[in-house]
Amino acid sequence: MKKRAIIPILYILFLMLPIYWLVSMSFKTTNEILAGFSLFPQTFTLDSYIAIFTDPTWYWGYINSIIYVTLNTFLSVAVALPAAYAFSRYRFLGDKQLFFWLLTNRMAPAAVFALPFFQLYSSIQIFDTHLAVALAHTLFNVPLAVWILEGFMRGIPKELDETAYVDGYSFPRFFTKIFLPNIKAGVGVAAFFCFMFSWVEMLLAKTLTAVEAKPIAAVMTRTASSAGYELGLLAAAGTLTIIPGAIVIWFVRNYIARGFAMGRV
Amino acid sequence: MKTVNQRAWFFVLPVLFLVAFNALVPMMTVVNYSVQETFGNNKFFWQGLDWFEQILRSERFQAALGRQFLFTGIILAIEVPLGIIIALSMPRKGFWVPVCLVLMALPMLIPWNVVGAMWNIFALPKIGMLGYFMNDVLGVNYDMTQDPLAAWITVVVMDVWHWTSLVVLLCYAGLVSIPDAYYQAAKIDGASPWAVFRYIQLPKMKTVLTIAILLRFMDSFNIYTEPFVLTGGGPGNSTTLLSIDLVKIALGQFDLGPAAAMSLIYFAITLLVSWVFYTLMTKDDQQ
């Protein structure tokens, strides 16, 4: 048992190395970074972080990202809930085909959709809004949310529904008062995955925004290229993008294993 | 058994409208472009299937497709066995379980362009940790901006770093669902570790492992941001994967017709392979 522990420890070490490198670099001055290799910051500085928190283009990047990610998460879970319920409880004409068609959207390369999305959203005049990015991300998040929720709902016995109806519950009351509390974990996990994939996606978020809703990732690339090699600033901005994910993952840590299995264990 | 109820369609309608708007409209735009030629000014000419023929015959596309299959093949061959081994050696209960899970999931929550940028800096010779280690400690000549092999290794290692945890977490979920009684029975029978793996653990992991392979296939086949930020597709074209090439044609050169035809071929290939996985998966479900 003890000897086996070496494998996960080595693996986690391998995962942490580049992250450590990024974080340690964010506390170095650009001169120190360019001067050569050093494992720890020699002259510890918070300049990069101060620069980010005092510049609106920088911190608005974060706010924009958080707005569209939140919007997307609510939208995806809200429409996925009834659909997942239908898939988990009933058989209907074309249910299998519909389910597979939904999943195909998870398979579509984002690169394929970049240009058509740009044209579609420009034509309905929501280009460069948070809604545009949130809507675009539903393309792959809604199928995923349906998939996860369906897996969790399947684990709830049908007797629960039937007993509630016998007790005189109407469907909406049953769904919100009895069913939802029973699949809390599933909703949490689905929301987590929507958050995750919307937070990390870049190609569509960048294509669909210009100024008003520009995500942090796009701010990063621009600043890094226009000002030459500001590696310290880049590292600090990168470090800050890790934090929201780390916070969210801490909340779902007990469900995470089952969540990754989409409830199908 | 599920009951047959056609009214269930009403529950599905919101999803249907949303996804139809988001998927069908853009898809039709792509189909539209793929059969036409444009010289700007919004003038379009019917082109038939010429673009498809041109793309399928072009060496550039074939090379990118080849690189794409090579990349996906390599990362599946590394990540799946590695993920299983790590999942098997993880603790089943106790304080360290959530710590392990959170730390392992962390790379997946980093924005993809940050992952690329991070590895780019990490691999810089002289300055980056990996670059310094390879060049100055091991004495290997390592520079991914010059050497295609070094670039490939970096892209593959980056993907292993980024996504192996997905396989680990899925397999782990399968493993913790095995009741202790199974292991005790195996112990009484004097089963070897291999037999325990082959007849108890592997069958229990089968469903989740299929999901893992399916997700890893789809995502690695569509990968764009990380390798683009890391290597820009270079040196030369050596790490130009399908998506990178597609974006170059569509948004860089604005050749809408060929780009649209390429999109459809690309999508069709992803769909075909995924469909094979999906059928295998649901076949198991029914048994």
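This briefing describes two protein chains, their contact with each other and a few single residues. The model is predicted, so local features need pLDDT of at least 70 and side-chain atom pairs count only at pLDDT 80 or more, while totals for chains, interfaces and linings use all residues. Residues are numbered from 1 along each chain as its sequence is written, and chains are lettered from A and ligands numbered from 1 in the order in which they are written.

**The two chains**

- Chain A has 14 helices and 1 strand. Helices (H or I, at least four residues) and strands (E, at least two) are DSSP runs, numbered from the N terminus.
- Chain B has 12 helices and 3 strands.
- The C-alpha trace of chain A spans about 75 × 60 × 30 Å along its principal axes. For chain B, the C-alpha atoms fill a box of roughly 75 × 70 × 30 Å, again taken along the principal axes.
- Of the 265 residues in chain A, 48% are buried. In chain B, 42% of the 287 residues count as buried. A residue is buried if 20 or more other C-beta atoms lie within 10 Å of its own, exposed if 12 or fewer, and partly exposed in between, with C-beta atoms placed from the backbone.
- Among the contacts in chain A with a separation of 6 or more, 79% are between residues 24 or more positions apart. The corresponding share in chain B is 72%. Two residues are in contact if their C-beta atoms, placed from the backbone, lie within 7 Å.

**Domains of chain A**

- Chain A is divided into domain 1 (1-45) and domain 2 (56-260). Such bounds come from an automatic or database domain assignment.
- The centres of domain 1 and domain 2 of chain A, taken over C-alpha atoms, are separated by 31 Å.
- Domain 1 of chain A gives 8 residues to the contact, and domain 2 of chain A gives 7 residues.
- On the side of domain 1 of chain A that touches domain 2 of chain A, helix 1 (6-26) and helix 2 (30-35) of chain A each supply at least two residues. The largest share of this side, 4 residues, comes from helix 1 of chain A.
- By class, this side of domain 1 of chain A has 4 nonpolar, 3 polar and 1 charged residues. Ala, Val, Leu, Ile, Met, Phe, Trp, Tyr, Cys and Pro count as nonpolar, Asp, Glu, Lys and Arg as charged, and the others, Gly among them, as polar.

**Where chain A meets chain B**

- The contact between the chains takes 79 residues from chain A and 76 residues from chain B.
- Helix 1 (residues 9-34) of chain B supplies the largest share of the side of chain B that touches chain A, 13 residues. That side of chain B divides into 58 nonpolar, 16 polar and 2 charged residues.
- Strand 1 (residues 90-91) of chain A pairs with strand 1 (residues 3-4) of chain B in the parallel sense, over 2 bridges. Two strands pair if DSSP finds at least two bridges between them.
- The bridge partner of Y90(A) in strand 1 of chain B is T3(B).

**A helix pair across the two chains**

- Two packed helices are described by the angle between their axes and the distance between the axes.
- Helix 1 of chain A packs against helix 4 (residues 96-105) of chain B at an angle of about 35°, and their axes are 9 Å apart. Axes are lines fitted to C-alpha atoms, for helices over the stretch in contact, and angles run from 0 to 180 degrees between N-to-C directions.
- P8(A), I12(A) and L15(A) in helix 1 of chain A meet C100(B), L103(B) and M104(B) in helix 4 of chain B. This contact has 6 nonpolar, no polar and no charged residues.

**Single residues**

- Most residues other than glycine have a negative phi.
- Q125(A), which is not glycine, has a positive phi near 55°. Q125(A) is exposed, with 9 other C-beta atoms within 10 Å.
- D128(A) is not a glycine either, and its phi is positive at about 65°. D128(A) is partly exposed, with 16 other C-beta atoms within 10 Å.
- Q125(A) lies in the loop between helix 6 (110-123) and helix 7 (130-154) of chain A, and D128(A) is in the loop between helix 6 and helix 7 of chain A.
- L109(B) is found in the loop between helix 4 and helix 5 (112-122) of chain B. L109(B) counts as buried because 22 other C-beta atoms lie within 10 Å.
- Leaving aside neighbours within four places in sequence, L109(B) is in contact with M196(A), W199(A), V200(A), G245(A), A246(A) and I249(A).
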